[in-house]
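Here is a friendly briefing to read with the model open beside you.

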Amino acid sequence: MIKFLCLGSGSSGNCYYLSTEKCSILIDAGIPVRTLKKTLREYGFSLEAVDAVFVTHDHADHIKAIGTLANDLKKLIYTTEKVHIGINNNYCTTSKVLESSRRYLYKGDACQIGDLMITPFEVSHDSSDCVGFRIQQGNLTFCLATDVGEVTPPVAEAIGDANYLVLEANHDEEMLAQGPYPAYLKGRIRSSRGHLSNRQCADALVTYASPHLRHVWLCHLSEENNHPELARKTVEGVLRSYGLVAGTDFGLTVLNRQTPSGVFELV
């Protein structure tokens, strides 16, 4: 069994926690360490017991706490070489990650932490580099893909492999078009190195998800260009048009931007 907790998902800060009886990891750390400690403690977990921190990419909402975790709490930081460089070059990383705390990942190559096998895969996004993670414990596969510009073959393969899936549903296309963002920013979000819309997320599930998929969490919703209920209804509507029923064929949860999700037990 894997326990899963989302501590935050969105441009205000992203952080995900997974644990088994043998280990625990974080994916991204874009929220303050004090908040991270407090939230984990409220759910019966301990930041001190975290074995490693995995980073998807070097944008501020994913890495704000990385330097503190590495240097003050002595956590090992796992990501690609380009992301490591980007972390230390980012304005928000006032405490730079020392070489002794860096661990380098290569896309498609698995590393093992306790009883978890963790494999990064390429994701298209306008950062120094970007990966998603396929995390396996025995026959159980959990995949996470956030900040996804387009569903490339590696992302499609991860969706197809997943028993449990965290996938971006960033924006509603009409809200983005009619919203206050300047044209260049709207173009960036819509681009193949930007973010998935609710509709694109739903289409990816319809196209690539396998019958073995048990639960999907919609992540990284935009505060300005989306709404949790709109994301849910859009995805559910697309699924229904293809004969799939959320809650019957697989579970569907929308992750909150700043509120913890509660603990899910993945079996």
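Strand S1 and strand S14 (residues 264-266) run antiparallel and are joined by three bridges. Everything here comes from a predicted model, in which local features need pLDDT of at least 70 and side-chain atom pairs count only at pLDDT 80 or more, while totals for chains, interfaces and linings use all residues. Residues are numbered from 1 along each chain as its sequence is written, and side-chain values use heavy atoms, with hydrogens and water left out.

- Helices (H or I, at least four residues) and strands (E, at least two) are DSSP runs, numbered from the N terminus, and two strands pair if DSSP finds at least two bridges between them.
- On the S14 side, isoleucine 2 has leucine 266 as its bridge partner.
- S1 is also antiparallel to strand S2 (residues 15-19), with five bridges between them; here glycine 8 is the bridge partner of cysteine 15.
- S1 and S2 make a hairpin with six residues between them, and glycine 10 in that turn has a positive phi of about 155 degrees.
- Six of the seven residues of S1 (residues 2-8) are buried, where buried means under 20% relative accessible area, exposed over 50%, and partly exposed in between (1.4 Å probe, protein chains only).

**Cysteines**

- A disulfide is a pair of cysteine sulfur atoms within 2.5 Å, and the count by this rule is zero.
- Cysteine 6 is in no disulfide, as the nearest cysteine sulfur, in cysteine 219, is 8.0 Å away; cysteine 6 is also buried, at 1% relative accessible area.
- Why is the sulfur of cysteine 23 too far for a bond? Because the closest cysteine sulfur, in cysteine 111, is 10 Å away.
- Cysteine 23 is buried too, with a relative accessible area of 6%.

**The largest pocket**

- A pocket is found on a 1 Å grid over the protein atoms alone, as an open set of points where a 1.4 Å probe fits, with protein on both sides within 12 Å along at least five of seven lines; lining residues have an atom within 4 Å of a point.
- The largest pocket holds about 260 Å³ of space, a volume being the space filled by probe spheres set on grid points that are joined across faces, edges and corners.
- Of its 18 lining residues, Ser11, Asn170, Arg188, His195 and His220 are the closest to the centre.
- Helix H7 (residues 183-190) gives the largest share of the lining, three residues.

**Loop residues to look at**

- Histidine 57 sits in the loop between strand S4 (52-54) and helix H2 (60-63) and is buried, at 0% relative accessibility.
- The side chain of histidine 57 makes a polar contact of 3.4 Å with that of aspartate 147; such a contact is a pair of N or O atoms within 3.5 Å, where within protein one must be able to donate a hydrogen and the other to accept it, and residues adjacent in sequence count only if both atoms are side-chain atoms.
- Most residues other than glycine have a negative phi.
- Aspartate 28 has a positive phi near 65 degrees; it lies in the loop between strand S3 (24-27) and helix H1 (33-42).
- Histidine 220 also has a positive phi, of about 55 degrees, and is buried, with a relative accessible area of 4%.
- Is glycine 243 buried or exposed? Glycine 243 is exposed, with a relative accessible area of 54%.
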